[in-house]
Amino acid sequence: MLNPAESAALPGPEWLVERRRAAAERLANLPVPTVEEEVWRYSRIGEVDFESRPATTVAGPAPADIALADTTPAAVVKVANGFVVDIAVADDAVFSLRIAGDDDAAALDRFDNHDVVTAINDAAAPTPLILDVPRSKTVEGPILIVHENSAVGATVASRLVGSIGEDAEVTIIEHRTSTAGDQLVIPMVEIDVAQAARVTYLDVQRLHTDTWQLGQLSASVGAQATVTMSQVGLGGGYARMRADCRLVGRGATGNLAAMYFGDEDQTLDFRTFQDHLAPDTTSDLLFKGAVGGHARSVYSGLIRVAPEGAGTNAFQTNHNIKLSEHAQVESVPNLEIENDDVRCSHASTVGPIDADQRFYLESRGVPPTEAERLVVSGFFDEVLHGFPYGSVVDALVRGDITTKLDRRFT
Amino acid sequence: MTELVIEGLRARVGGTEVLQGVDITVRSGEVHAVMGPNGSGKSTLSHVLMGRPGYEVTGGTARLDGVDLLGLETWERAKAGLFLAMQYPIEVPGVSLVDMLESSAVAAGRDRSAVSAELAAEADRIGFDRRFLDRALNVDLSGGEQKRNETLQMGVLNPAIAILDELDSGLDVDGLRTISEHIEAATNATRGDRDPLGVLVITHYSRLLEQLRPDVVHVLAQGRIQTTGGPELADELERTGYAEWTAAPAAASAPDPMADPFADPLA
């Protein structure tokens, strides 16, 4: 599936080289998944061309600077074709941010990620990034990680491993683009959130529409800790992201949110897993998106409450607007509950632009196309401004949204 | 001089013919009240005139200065000078008043840059808190605030004819007085290049009419204007109710199996 010779050419400490070799070996024997498997249902896994996309072995030019509206980042990391090429952190930073070195072998083993996607990442990620925030430290301002990929016909893997100490607080914003279309990107994020820590993670995905993505976000949340995992999905030909939120400590909270907008021939594929493994845990999920043109969106999510999950509160909501008759929406919420003392709900809607809202605007003299545009634009506004750093994210993606709205509403 | 002429208007909602031939003429500067019991077709009349989806016109005409409103799209009706203040204003998440009214201004060939200032000035005039101007339309507004918001939009859009559907519901006495005085003033003076406002008030109770005195009162029941009179008719209705114009419910609801299914139910 991935040529072991390529991953052998990647840099790093001995343990990492060996880890890549083992992963490549594992991959050689792993069958490519099929849509018959529930977790790959509705996906385009059968169309992914792994063979002709070797892992990138050289970094590209450093990404351009990204300005965050009214916000000063605590650190800026530049990643080119999966290679971390620059880390800018103030000298007095309360945290450590580094490329995985000799002592970081254990960090990559913290999560039990063993599917094809994570195996490719294991074999192909050139410079895993390690973030440690010590206990009781609050990181002021977000850590900004800017990815820009230019490698043509390549597999580009990136990895972030975060360890957030007790009662610490941090926000991480990843901004991902690709200038060359033909590319398979395998982003992976693993964050371990210790007791009472607060972590916000935001993924802003603006890949080229010919780029394909198979991604994995994982968080493990300790007692009384809170993680918020938000995603904006705008780019990619087939862009899949799986977000697993494991609530492992009593009273842990996981908030998952996404805003997506697909058009033309895009497929945006979101999988979520709210895993309640401890008592009195809370998870809240809100995914909202729109698809136009011939685009497709997939939302498939599972709430699981383990026998230990007494007192669980778990919510899951997915709302979709279909902007054209050729667009397709799959929305599959699932519950698997093994404890009686829980409060769970799931809701999913798929529909056209709200006729009443349209009528209201038209009754004030707004022409139909403009009214639809306002309603859809407002729908996105509302979701984005509910995000942490909502206006920052809005400023980053407003141009993309406008371009897509212009294509649909002219 | 603007004139809204409704003649023989018939309309169906969900298979039921709710309007069965309505005739009303409203001219600039006049205040007409349409009163009637629940289910008489009052709100249907307002929705049909504005072109709300789901309402099917089956006969008759509605013309604004000779222009066939029923042949126009909703936004074109607004552009032609018709305004509807809704009984239940609709929430539009993420869309602000300014966004909407600027789009409306552009569509009408007006200057969008003036909208913001007009809105602020109008808000002050009717006592609508300026901080609500940036909020999403009707989201998190109380009933009274929603009605002020409708009135505010009317002030900025400056229509020739305004239909006010149950405008009083949700408003407290002070709000009702402010808004009534405001509307009253618009019916008494020319506004820019517009003649004085013509108003069609749709209401179940005469509460609003104590503040906004109508020139003409129509009673709409069973899909038709049953009688028309002066302001005194509203007072009379307050005392006597609508019993005179509603069919005896028991008789109406028990269908006669031998009856002609095509007979006019009002015959």
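Begin by selecting α6 of chain B, which contributes 3 residues to the lining of the largest pocket, the largest share. Helices are DSSP runs of H or I with at least four residues, strands are runs of E with at least two, and both are numbered from the N terminus. This is a predicted model, in which local features need pLDDT of at least 70, side-chain atom pairs count only at pLDDT 80 or more, and totals for chains, interfaces and linings use all residues. Residues are numbered from 1 along each chain as its sequence is written, chains are lettered from A and ligands numbered from 1 in the order in which they are written, and side-chain values use heavy atoms, with hydrogens and water left out.

**The largest pocket**

A pocket is an open set of points on a 1 Å grid over the protein atoms alone, with protein on both sides within 12 Å along at least five of seven lines; a cavity is a set where a 1.4 Å probe fits but cannot get out, and lining residues have an atom within 4 Å of a point. The volume of the largest pocket is about 330 Å³, taken as the space filled by probe spheres set on points joined across faces, edges and corners. Its lining comprises 13 residues, and those closest to the centre are E122(B), M154(B), G155(B), N158(B) and R191(B). The lining divides into 4 nonpolar, 4 polar and 5 charged residues, where Ala, Val, Leu, Ile, Met, Phe, Trp, Tyr, Cys and Pro count as nonpolar, Asp, Glu, Lys and Arg as charged, and the others, Gly among them, as polar.

**The sheet of chain B**

Next, select β2, β1, β4 and β5 of chain B, which form an open antiparallel sheet in that order. Two strands pair if DSSP finds at least two bridges between them. Because β2 (16-27) and β5 (67-68) of chain B each have a single partner strand, one side of each is left without a neighbour in the sheet. Within the sheet, β1 (residues 3-13) and β4 (residues 55-64) of chain B are joined by 8 bridges; L4(B) stands opposite L64(B).

**The sheet of chain A**

Move to chain A, where 10 strands form an open sheet with mixed pairing. Its edge strands are β2 (83-89) and β19 (342-351) of chain A. Select β13 (residues 253-262) and β15 (residues 282-291) of chain A, a parallel pair with 10 bridges, in which Y260(A) stands opposite G289(A).

**The largest cavity**

Select H147(A), S158(A), R159(A), L160(A) and E174(A), which lie nearest the centre of the largest cavity among its 15 lining residues. The volume of this cavity is about 100 Å³. The lining has 8 nonpolar, 4 polar and 3 charged residues.

Which cysteine sulfur is closest to that of C245(A)? It belongs to C344(A) and is 14 Å away, too far for a bond, since a disulfide is a pair of cysteine sulfur atoms within 2.5 Å. C245(A) is buried at 0% relative accessibility, whereas C344(A) is partly exposed at 25%; buried means under 20% relative accessible area, exposed over 50%, and partly exposed in between (1.4 Å probe, protein chains only). Finally, select D356(A) in α4 (residues 355-362) of chain A, which is partly exposed at 37% relative accessibility.
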